[in-house]
Amino acid sequence: MVRMSLKELIECKHPTAWLEFENGVIDEDELEGKFFKDRRPFDLQGLKNCMRRGYSYIDGVEQLLLDLKQNNYEMHAFTNYPIWYRIIEDKLNISKYLSWTFCSCMYGKRKPDPDFYLAVVEHLKVDPASCIFVDDSLFAY
């Protein structure tokens with residue numbers, strides 16, 4: 001196994017492959033074939049297993065989701081995640097609290113694309129001012 005730093009990974013990876021995968025433009029097999037610029041092979045299943053191991057609820061979040069659901073708040077995932085959102089679902093069963101309605105792989109759009117935000121409010125048929133957006137990113141979209 002070859003280990004590399006995040007900096008090394010960023011320098012070696014294909015510049016658009018992950019974005020294309022998130023947007024559903026390429027599938028998992030195509031991602032595996034072009035993940036690195038030089039098209040070297042890599043352990044795709046190992047990457048998925050590593051990601052699966054990394055998923056867990058942050059302390060207090062599952063209870064918060066339960067409280068919101070029990071108080072009839074409508075909640076949806078709005079994520080740049082590829083089809084691998086299913087890995088998260090399989091491990092954490094998040095769909096018992098919210099719907100995986102807005103995933104990049106389903107819409108072909110990513111945050112911060114304004115069209116992705118508009119697709120959400122159009123789909124929900126709501127005024128944007130009536131929505132609360134919670135994100136795991138430190139920067140505002």
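Where does Lys 125 lie? I found Lys 125 in the segment after helix 8; helices (H or I, at least four residues) and strands (E, at least two) are DSSP runs, numbered from the N terminus.

**Basis.** I worked with a predicted model, in which local features need pLDDT of at least 70 and side-chain atom pairs count only at pLDDT 80 or more, while totals for chains, interfaces and linings use all residues. Residues are numbered from 1 along each chain as its sequence is written, and side-chain values use heavy atoms, with hydrogens and water left out.

**Backbone.** I noted that phi of Lys 125 is near 55°, a positive value in a residue other than glycine. Lys 125 is exposed, with a relative accessible area of 72% (buried means under 20%, exposed over 50%, partly exposed in between; 1.4 Å probe, protein chains only). Asn 72, also not a glycine, has a positive phi of about 65°. I located Asn 72 in the loop between helix 5 and strand 1, and it counts as exposed at 71% relative accessibility. I then looked up the peptide bond between Lys 111 and Pro 112, which is cis with omega about 15°. Pro 112 sits in the loop between helix 7 (104-107) and helix 8.

**Core.** I listed 25 residues in the largest nonpolar core, and Leu 31, Tyr 55, Tyr 81, Trp 84, Ile 88 and Trp 100 touch the most other members. Such a core is a set of buried Ala, Val, Leu, Ile, Met, Phe, Trp, Tyr and Cys residues joined through side-chain atoms within 4.5 Å. Helix 6 gives the largest share of this core, 4 residues. The core lies between domain 1 (6-42) and domain 2 (61-130), because both give residues to it; the domain bounds come from an automatic or database domain assignment. Not counting residues up to four places away in sequence, Trp 84 touches Trp 18, Phe 21, Glu 28, Leu 31, Leu 44, Leu 47, Lys 48 and Met 51 (contact means heavy atoms within 4.5 Å).

**Pockets.** A pocket is an open set of points on a 1 Å grid over the protein atoms alone, where a 1.4 Å probe fits, with protein on both sides within 12 Å along at least five of seven lines; lining residues have an atom within 4 Å of a point. The largest pocket is lined by 43 residues, with His 76, Ala 77, Phe 78, Val 134 and Asp 135 nearest its centre. For the second largest pocket I recorded 20 lining residues, of which Val 2, Met 4, Phe 36, Phe 42 and Leu 47 are closest to its centre.
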